[in-house]
Number of protein chains: 2
Amino acid sequence: MNALDVTEIMQTLGLQAKTASALMAKAPAAAKNKALLVLARLLREQTDALQTDNSRDLERARAAGLAEPMVDRLKLTPKVLETCAQGCEQLAAMPDVIGEVLGMKQQPSGIRVGQMRVPIGVFGMIYESRPNVTIEAASLSIKSGNACILRGGSEAIDSNKALARLVVQALQEAGLPEHAVQLVPTTDREAVGQLIAMPQFVDVIIPRGGKGLIERISRDAKVPVIKHLDGNCHTYVDDSADLVMALRVVDNAKTQKYSPCNATESLLVARSIAAQFLPQIGAVFAAKGVEMRCCPEALALLQGVAGATLVPATEQDWSEEYLAPIISIKLVSGVDEAIAHINQYSSQHTEAILTTNHIHAQRFLREVDSSSVMVNASTRFADGFEYGLGAEIGISTDKFHARGPVGIEGLTSLKYIVLGEGEVRS
Amino acid sequence: MNALDVTEIMQTLGLQAKTASALMAKAPAAAKNKALLVLARLLREQTDALQTDNSRDLERARAAGLAEPMVDRLKLTPKVLETCAQGCEQLAAMPDVIGEVLGMKQQPSGIRVGQMRVPIGVFGMIYESRPNVTIEAASLSIKSGNACILRGGSEAIDSNKALARLVVQALQEAGLPEHAVQLVPTTDREAVGQLIAMPQFVDVIIPRGGKGLIERISRDAKVPVIKHLDGNCHTYVDDSADLVMALRVVDNAKTQKYSPCNATESLLVARSIAAQFLPQIGAVFAAKGVEMRCCPEALALLQGVAGATLVPATEQDWSEEYLAPIISIKLVSGVDEAIAHINQYSSQHTEAILTTNHIHAQRFLREVDSSSVMVNASTRFADGFEYGLGAEIGISTDKFHARGPVGIEGLTSLKYIVLGEGEVRS
């Protein structure tokens, strides 16, 4: 496809999305919820047909020699589709936040001033492999009263097209504009470049995928990006920690799953309790095959642990997001050094302190500059569902607009509203 | 100055700001308020010295042939300085929003999840002429716990340097880091290019100035920009409006001052009351020398008004921000057409409906896609002070992050905080 054709396609999608967004912004909650419930029904009714479309993607992936774990991520199993359907139903059951009025107060002039929650307008979502993201993004977009343009990975194009057809059908049955959710129909890479450079049509871009993709999009985008780079998450075991709790929480934070961005990648331990705590947690890691990359002091304390894989840490280790059975371990003098180390090396995703000391807890909460800061809990909790947001479209490691897990409110904006009785400015 | 020197200066400012921002983020409210009160005292004590520094800028401006209204904007009169001092005192008296915890709720897992308000970090401010903006930006930065880098206009460099010295003295007296507020010491234009492209040091850019400046900065910035483009504000007089009130409010919205961005530039009138209302408001405008650029129907209805300057409106007039005694006038069939016209032509700054009809008021509030939407009030109220924000660093016509007048909260971000008792993820 030549660049001109792609431009024409993307401009058309943009204009249609912009037009649909005005209708979505004033759509009744009942219509949006109906679309979500219809979509849930269609996902269940069409499970067989969806799997047929999905199988074409799977065959192409296998023929191209994709590794089986990557092929797995492409699969629309009945279980995956049922989870999508349930997600839609949960969103339908949630209260509608659009039109919510906050902080209405009378001012000295007599006018009453507050803020009304409204949709952002149009968002563009760029994602790889898993086709179920198409349904997650579409359903959040419908509930939040936005319009969206979805650009999935080329490896899932047949599955995404089939899912997008169901979304359009659901929008139509609910009397909502069919262009409220549009899938980019071409796999041409130029379409991404266009999508992120249409400020006249698109208000924000949400990329989901590898660091390379997100860095490239952030660099080239002409509109704001809700971006999520690394999750180099830390857990700090304070000198006053309950060590029984600490053992359980650190184990969970590192080993419950290795691949999520909220898994702990770096363990900091207060020097005064290290001789007691490190061999205990070291034995847990050794039993689970977790490689430990240690500062010299930690290395010395862990030498006696049977079966442990111990490696001296390099400077690079303190910045690394492993997403694997590897953890970096460093002794610190106390909460001050822990905070300083984290603010220097972390990716500002999620950090936890394990402590019984109130002052240390408060200082950690206030001074650690990350999107989620925790006391006595596993970093694995950093997640939209666990935070009660109902759904999550991504996790922002930025400070601007949304920070941390982004749910429906992250897709909205607050405009000022003023109610008067004929007041004038003097 | 060569580009390398400018780079070195800006990198140094950036690193110093970043370091200072961590100290400001945890600074006690008392220290921040003390700095503001000391600054107020210094502005009063040093009024004479400041005027001496200011006179060098004024002489240079006159020698360069600057028009007298432009020279006026540069003046640091005792009145201007007293207003700055009072602004600092008002900020000091306001509650501190940093550390505020919002929405803390227990989740099914047992963890309690809320959000804590924290400073954004470092903002860069780029502005023209008026040197008092140096104090406004510095004081808001101090109160909000941020660090900032200020880049004023070259025409005010001596005044800005003198004011920045007082700010540094106030920070030092209060025990706060002196680099929390830094003025770019060079007038080299390359410094702006550098300031907007240091994402490692600067979190957000706030430009204040002409549309050209803001468009240029938005295009080239590598960090988010809180931007304020035009204020093409509308007032719509509904068929059910109280016409006595409408006359007073429309008059105020257009003529109380012509230059502010929140002055009404376009008047929409419901056709059914136009024959009654237009000649009345037309007479007011005629008496004040306001030129009326009218649609054909409005033109016909205004023909009989003595002394009126009537001009047929062109398509361009509906998009124009005049900032002058000129108003465009158009008849519409009712609230639907008014909303559609506004959403097509407005700059999404501020729009008002004058009506006694509840349904029309609610629809206008909800469907008009602007940063401030008003019922029965003058658009001139769109202002941080009038909205009770205590101060205003700018007005955002964007939807992302801050929208409308930006006060202290617009310079903050919300991070998630999680309090647990050893919970783990299952």
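Student: Where is Thr255(A) found?

Tutor: In helix α10 of chain A, residues 243-255; helices here are DSSP runs (H or I, at least four residues), numbered from the N terminus. By the way, this is a predicted model, where local features need pLDDT of at least 70, side-chain atom pairs count only at pLDDT 80 or more, and totals for chains, interfaces and linings use all residues. Residues are numbered from 1 along each chain, chains are lettered from A, and side-chain values use heavy atoms, with hydrogens and water left out.

Student: Why does Thr255(A) count as buried?

Tutor: Buried means under 20% relative accessible area (exposed is over 50%, partly exposed in between; 1.4 Å probe, protein chains only). Thr255(A) has 12%, so it counts as buried.

Student: And what about Phe381(A), buried or exposed?

Tutor: Its value is 1%, so Phe381(A) is buried too. Phe381(A) sits in the loop between β13 (372-377) and β14 (394-396) of chain A. Leaving aside neighbours within four places in sequence, its contacts (heavy atoms within 4.5 Å) include Met374(A), Tyr387(A), Ile111(B) and Val424(B).

Student: What makes α13(B) and α14(B) roughly parallel?

Tutor: Angles under 35 degrees count as roughly parallel, over 145 as roughly antiparallel, 65 to 115 as roughly perpendicular and the rest as oblique. These two helices pack at about 15 degrees, with axes 10 Å apart, and are therefore roughly parallel.

Student: Which residues of α14(B) meet α13(B)?

Tutor: His360(B), Arg363(B), Phe364(B) and Glu367(B).

Terms used
Axes are lines fitted to C-alpha atoms, for helices over the stretch in contact, and angles run from 0 to 180 degrees between N-to-C directions.
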